[in-house]
Amino acid sequence: TGTSQADCAILIIAAGTGEFEAGISKDGQTREHALLAYTLGVKQLIVAINKMDTTSPPWSEGRYREIVKETTIFIKKVGFNPKAVPFVPISGFNGDNMIEASTNCAWYTGTGKDAGWFKETKAGKSTGKTLLEAIDAIEEPSRPTDKPLRLPLQDVYKIGGIGTVPVGRVETGIIKAGMVVTFAPAGVTTEVKSVEMHHEMLVEGVPGDNVGFNVKNVSVKEIRR
């Protein structure tokens, strides 16, 4: 899936009255999306608090602080470190704080000690005002290409005219045509004929890539998940 390939997730939260509360309720989508992202291996998160122009009053600092407080509690329960998560109040409809700092929320875009977003990770501290700056501050994870190939299978397909095509995300090492690979726990060894990602041929798949690869003389039944 696209999520399983992502290095960072942007969690969009609606600031409108009732909308935020519905999203973080027991069966709410906000809670569900944060949990899904973490479960699928996304370890970096940005929280964008949208529709700030619809709060009462518009661009309410109190509403923003309330949402940050509540969201911090539940993303911590999911597994994220809140100190490493930037919270950005935005209006997607009007473009506030998306690319340029807005003039509608001096409490956030001003020079006060609590202004802007802040995050702290092992790599250091970073600050900013806009969603674009938060995206630019995403840390690129290491890609362990020097280790042996490890590729957990998500599924195995049989495609007419091509043959058996296992699909999964490369965790370590590289995969390319001509390699001999072994499937566990079946212990089946075979050669990789080709590697594709999003219907395009790849010279090689590296960690983070969600790939499909065609293998020789192996049936779907032999290498099921």
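This is a predicted model: local features need pLDDT of at least 70, side-chain atom pairs count only at pLDDT 80 or more; totals for chains, interfaces and linings use all residues.
A disulfide is a covalent bond between the sulfur atoms of two cysteines. Cys-8 is buried, at a relative accessible area of 18%. Cys-105 is likewise buried, with 0% relative accessibility. Both values count as buried because the cut-off is under 20% relative accessible area.

The protein chain is divided into two domains. Domain 1 covers residues 2-137, and domain 2 covers 153-215. Over C-alpha atoms, the centres of domain 1 and domain 2 are separated by 37 Å.

Strand E2 spans residues 44-50. Seven of its seven residues are buried. Gln-44, Ile-46, Ala-48 and Asn-50 point one way from E2. Leu-45, Val-47 and Ile-49 point the other way. Both sets are buried. In a regular strand the side chains alternate between the two faces of the sheet.

E2 is paired with two strands, E1 and E3. Strand E1, residues 8-14, runs parallel to E2 and is joined to it by seven bridges. Within this pairing, Ile-13 has Ile-49 of E2 as its bridge partner. Strand E3, residues 87-89, also runs parallel to E2, with three bridges between them. Here Ile-49 stands opposite Pro-89 of E3.

The largest nonpolar core holds 35 residues. Leu-45, Val-47, Ile-49, Tyr-64 and Phe-87 touch the most other members. Two or more residues each come from E1, helix H3 (29-39), E2, H4, E3, helix H5 (106-109) and helix H6 (131-136). H4 gives the largest share, six residues. In soluble globular proteins, nonpolar side chains tend to be buried together.

Beyond residues up to four places away in sequence, Val-47 touches Leu-11, Ile-13, Thr-71, Val-85, Pro-86, Phe-87 and Val-88. Another core, of 16 residues, lies apart from the largest one. Among its members are Leu-153, Val-188, Val-192 and Ile-223.

Terms used:
Residues are numbered from 1 along each chain as its sequence is written. Side-chain values use heavy atoms; hydrogens and water are left out. Domain bounds come from an automatic or database domain assignment. Buried means under 20% relative accessible area, exposed over 50%, partly exposed in between (1.4 Å probe, protein chains only). Helices (H or I, at least four residues) and strands (E, at least two) are DSSP runs, numbered from the N terminus. Two strands pair if DSSP finds at least two bridges between them. A nonpolar core is a set of buried Ala, Val, Leu, Ile, Met, Phe, Trp, Tyr and Cys residues joined through side-chain atoms within 4.5 Å. Contact means heavy atoms within 4.5 Å.
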